[in-house]
Amino acid sequence: MRRRAHVVWAVLWGALLLGGGLANAAEPARKIELSPFFGGFLFDHDLDVGHKGVGGARLGYWLNDKWSLELSGEGVSSRTTDGRPLDYIQGHVDALYHLNYRKDQKLLPYLAVGAGVANYQYLSRINPDYSSRTDFDFLTNWGGGLKYLLTDWFALRVDARQPISWNRTNHHFMYTGGFSLLFGGKSAPPPPADSDGDGVPDDRDKCPDTPAGVTVDADGCPLDSDGDGVPDYLDKCPGTPAGVKVDASGCPLDSDGDGVPDYLDKCPGTPANVRVDASGCPLDSDGDGVPDHLDKCPGTPRGVRVDASGCPIVLDSDGDGVPDDRDKCPGTPAGVKVDADGCPLDSDGDGVPDYLDKCPGTPAGVKVDAGGCPLDSDGDGVPDYLDKCPGTPAGVKVDASGCPIQVETVELRINFDFDKADVKPEYLPQIEKVAAFLKANPDYTAVIEGHTDSQGPEEYNLRLSARRANAVAKILTDTYGISMERITAQSLGESRPIASNDTPEGRAQNRRIYAYMEKD
């Protein structure tokens, strides 16, 4: 049994030396450790001595944040079972390995091994006069304990050891409790400067000199809850909708001063002092379409047609607001806006009146079709007057200038389990190839197409293929750092099978992903 304990001691010592990492450990906060202690000492049963109290002290030196060396001494005063006094003193040097030291760690478990000498002083019953006898013995010990740091200089400590005296081959056991005083080492660094007292250190404060008491974000800048550019503590109109222009006090602009903010004003530019409704439009009390401030004939009965000054019109056969005697375009369809001559408006001058014009605002001189839309001879979606590559073949994708987009197609042979969108690890090398292409070609973007088999409802398969495409897109962004702005996930569901959905093998092929790389 004792030989086995020696083997355990040797194995533990070797494990500590191999796992220590002396060269790479950090500097501890304190260097010197003084630890008085008291506890109990159980002598080897061969000595016929019972359980007794033990006291002593340890003086340690921290080599780094994991290892320390300790000089320890302790003594026991006892008696043998036949009443003879026995004093036992031991001194030893120990190496301590702390398992999880960090500067903010409170509980520090440790292992310890060491060597030293033991002194047995007792009355020998071999000699006739029972004379006193002193024996010295070589000592090793091993064990461990816990330290709990109450402050950076004071800790509570408990310890358990097995001292082994080699000449006598006695195996004792000792358990102790006490405290540690730590001193020396480096002082804690001063807290970082915070000149404006907003809780954000100066070296991270992007808005120094923030007024006292103002709530700030992680960068030390005053909060702007509604994102209008005016910090909350100055904002007199909190909760302004996103994108609304505001003045210096954070209130929505009212350019015409009619009391209705611009973002709600359906009639901007109302003259000063003109009364308006909730939409910011001038009041029209008689409902004749002429605002009160321009109406020369207020109080016109309902339904009576009036002219631009709000006065009744003598005769207007097509009801366009232009009297027949001045109407150059009689018979204009009801509700069509006309000019002063009674002709339908053609705001962009393309020869197609506004009420028939499907493309209002066409630039002057551009040829249009019967619907007022610019001609697109090659049908690529880019009108001729903007098309830098006329005659593009049908079906070819083009950019904003009408020129063919360079496309690279990559079939990701990523198959999914039935009704699953989890990408299996064996397909990651294929996704890595797409990521490598995008990294090597920063002017390309990727379209990730997700497909399913025909099992299940069509709407559900659209959602499932979207999950599959998004799963691949997420790996490209999270794992390989590709910007989400360069990736578009498309859901095509069961609409484009590449194999028969009548067999399990065909359906497995249809549960797939395609990737298209397009040049911007």
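Modeller: A disulfide is a pair of cysteine sulfur atoms within 2.5 Å. The model discussed here is predicted.

Colleague: What makes the pair Cys267 and Cys281 a disulfide?

Modeller: The sulfur atoms of Cys267 and Cys281 are 1.8 Å apart. The cut-off is within 2.5 Å, so a pair at that separation qualifies. The torsion about the S-S bond of Cys267 and Cys281 is about 85°, so this disulfide is right-handed. Both Cys267 and Cys281 belong to the loop between E9 and E10, 14 residues apart.

Colleague: How many disulfides does the structure hold?

Modeller: The structure holds six, including the link of Cys207 to Cys221, with an S to S distance of 1.9 Å. That link is right-handed, with 80° about the S-S bond.

Colleague: Why is the pair Cys207 and Cys221 said to tie parts of the chain together?

Modeller: Cys207 and Cys221 each lie in the loop between strand E9 (173-183) and strand E10 (407-412), so the pair ties together parts that are 14 residues apart in sequence.

Colleague: Why is Cys221 called buried, and why is Cys207 called partly exposed?

Modeller: Buried means under 20% relative accessible area. Cys221 has 16%, so Cys221 is buried. Cys207 has 22%, between the limits of 20% and 50%, and therefore counts as partly exposed.

Colleague: How do you know that Cys237 and Cys251 form a disulfide, and which of the terms buried and partly exposed applies to each?

Modeller: Their S to S distance is 1.9 Å, within 2.5 Å, so the pair is a disulfide. Cys237, at 22%, is partly exposed, whereas Cys251, at 16%, is buried.

Terms used: Residues are numbered from 1 along each chain as its sequence is written. This is a predicted model: local features need pLDDT of at least 70, side-chain atom pairs count only at pLDDT 80 or more; totals for chains, interfaces and linings use all residues. Side-chain values use heavy atoms; hydrogens and water are left out. Helices (H or I, at least four residues) and strands (E, at least two) are DSSP runs, numbered from the N terminus. Buried means under 20% relative accessible area, exposed over 50%, partly exposed in between (1.4 Å probe, protein chains only).
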